[in-house]
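Please take a walk through this structure with me.

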Amino acid sequence: MPDASFDPHALTPAQEVSPEVASPTPTGRRGVPSPDRGAMCSPAASVLDVGHTAPFALAAPDDRISVYASWAEIPWHGARAPCSPRFDTSAPGYLQRRESVSGALLWQLDVPDWARARIITTPAVGVAAYTDRPLPASSSHCGEMTPASGLLAFDLHSGAPLWHQRYAGGGLPFPLLHAGEVYVGGGDRAIHALSLHDGHQTGCIGMGAPVDLATALLDDQGRLFLSDTEPARLLRIDPLTRAVLWMAELPEAVAASPGAPPAVEAERVAMTLAVRDIGATRVTLCLFGFDAASGERVWEVTLGERDATHPPALAAPLADSERFYVISARGELVVIDALEGRERQRLALGDPALAAASLERIGDHLVITAPGGNVQVVPLALLA
């Protein structure tokens with residue numbers, strides 16, 4: 001819950017932004033055609049996580065799949081840059097925005113000394129969710145202190161600060177934007193709605209348990225779906241009326257692994273879970289399909305097993321063209337019919353670590369990014 005006693009300190013308006021993203025170098029294993037730029041730019045809010053690079057590229061079992069050590073090595077990576085703002089957080093205490101191609105500094109904004117940040121944007125406004133850098137042990141007089149977190153909104157074009165909210169609890173907030181509001185979960189067992197214009201709270205949805213919107217989906221129709229593992233459930237919430245429309249129960253024995261947001265396609269909601277039977281030494285990765293209107297579970301697809309001693313992080317499914325794309329426990333790309341839950345194809349990618357990869361469609365390609373940063377580009381023509 002926002003700290004009502006917080007008085008935002010002075011934030012200097014922006015001054016001119018240097019690329020956080022390296023300039024593209026075509027050193028990948030195999031080139032791919034440049035996609036249509038219009039197909040790469042989504043009208044929805046864009047999300048940028050501050051942060052990581054990968055040291056090497058893996059090999060793919062199919063020579064039609066291109067493999068790169070990072071996004072920067074994809075030959076047409078530069079064509080994507082103008083679609084999203086380019087931020088730089090390398091200077092402590094500053095957020096900079098840079099020109100997408102040249103890297104020229106556009107503006108600079110004073111920010112808290114954050115340890116980690118996530119930035120989500122609309123065409124006019126940016127919202128940075130962050131956690132403070134922990135204080136050195138010698139600086140704490142009352143034992144170990146939990147770093148605070150907050151939300152900072154700014155004008156995307158000028159960098160001028162709009163509002164700033166601090167939170168008492170730790171953890172990186174995961175904001176969702178819709179219809180002029182920012183939705184954020186809290187340790188106080190509620191989802192808070194804030195005005196994107198001034199940061200004032202406009203509503204609150206009681207959930208009965210701590211909420212992390214990193215496992216939520218707010219689609220372009222204004223439907224909010226939230227998956228949770230403690231307790232195991234999937235909910236549909238109306239953001240305008242703040243009402244829970246339905247709640248679907250999930251298998252009781254769910255491994256305590258990081259969750260993933262659901263995906264929606266053809267009136268089906270799909271979510272991945274790591275399920276473990278009582279006393280079992282293995283967990284089973286599954287994709288469950290629910291009716292978006294009623295919450296009824298209509299199908300289930302098994303994605304393989306993993307060792308239960310180290311439950312895997314879960315990758316969110318990708319919804320596109322009446323299909324769900326998801327990664328199996330063995331690192332296969334699985335194509336599933338969204339309406340019926342019928343498996344259409346499995347394509348070997350060669351690395352079980354990809355079970356936690358992110359999926360994104362760009363033009364005529366499916367881009368799979370592993371947690372370490374390695375990227376595989378799959379032509380959609382290979383998929384059923």
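Which side chains meet in a salt bridge at 3.6 Å, N to O? They are those of Asp88 and Arg98. A salt bridge here is a side-chain nitrogen of Lys or Arg within 4 Å of a carboxyl oxygen of Asp or Glu. Side chains of opposite charge can pair when their charged atoms come close.

A word on the source comes next. This is a predicted model, in which local features need pLDDT of at least 70 and side-chain atom pairs count only at pLDDT 80 or more, while totals for chains, interfaces and linings use all residues. Residues are numbered from 1 along each chain as its sequence is written, and side-chain values use heavy atoms, with hydrogens and water left out.

Now the overall picture. The secondary structure of the protein comes to two helices and 28 strands. Both are DSSP runs numbered from the N terminus: helices are H or I with at least four residues, strands are E with at least two. The protein has 384 residues, and 52% of them count as buried. Buried means under 20% relative accessible area, exposed means over 50%, and partly exposed lies in between, with a 1.4 Å probe and protein chains only. The accessible surface of the protein is about 17500 Å². Carbon and sulfur atoms hold 52% of that surface. These areas come from the Shrake-Rupley method with a 1.4 Å probe; for residues, only the protein chains shown count as cover.

Return to the opening pair. Asp88 sits in strand β3 (residues 86-88) and Arg98 in strand β4, 10 residues apart. Asp88 is buried at a relative accessible area of 7%. Arg98 is buried too, at 15%.

Follow β4 onward. Strand β4 (residues 94-98) pairs with strand β5 (residues 105-110) in the antiparallel sense, over five bridges. Two strands count as paired if DSSP finds at least two bridges between them. Strands of a sheet pair through backbone hydrogen bonds, either parallel or antiparallel. Leu95 stands opposite Leu109 in β5. Six residues lie between β4 and β5, which form a hairpin. In the turn, Gly103 has a positive phi of about 85°.

Next, a four-stranded sheet. It is open, runs in the order β18-β19-β20-β21, and pairs antiparallel. The edge strands are β18 and β21 (297-307), each pairing on one side only. The twist averages 25° from one strand to the next. Axes for such angles are lines fitted to C-alpha atoms, for helices over the stretch in contact, and angles run from 0 to 180 degrees between N-to-C directions. Strand β20 (residues 282-291) runs antiparallel to β21, joined to it by eight bridges. Phe290 has Arg297 in β21 as its bridge partner.

Arg223 pairs with Glu267, the closest N and O atoms being 3.4 Å apart. Arg223 lies in the loop between β14 (216-218) and β15 (224-229), and Glu267 lies in the loop between β18 (263-265) and β19 (268-275), so the pair ties together parts that are 44 residues apart in sequence. Arg223 counts as buried at 9% relative accessibility, whereas Glu267 is partly exposed at 41%.

Move on to another open sheet of four strands. Its order is β22-β23-β24-β25, with antiparallel pairing. β22 (318-320) and β25 (343-348) stand at the edges with a single partner strand each, so one side of each is left without a neighbour in the sheet. Neighbouring strands here are turned by 20° against each other on average, direction ignored. Inside the sheet, strand β23 (residues 323-327) pairs with strand β24 (residues 332-337) over five bridges, in the antiparallel sense. Arg323 has Asp337 in β24 as its bridge partner.

Arg346 forms a salt bridge with Glu343, with the closest N and O atoms 2.8 Å apart. Arg346 is partly exposed at 31% relative accessibility. Glu343 is partly exposed as well, at 38%. Salt bridges that share partners join Arg330, Glu332, Glu343 and Arg346 into one network. The whole structure holds 13 salt bridges.

What about disulfides, and how many does the structure hold? The count is zero, where a disulfide would be a pair of cysteine sulfur atoms within 2.5 Å. Cys204 is partly exposed at 39% relative accessibility, whereas Cys286 is buried at 4%.
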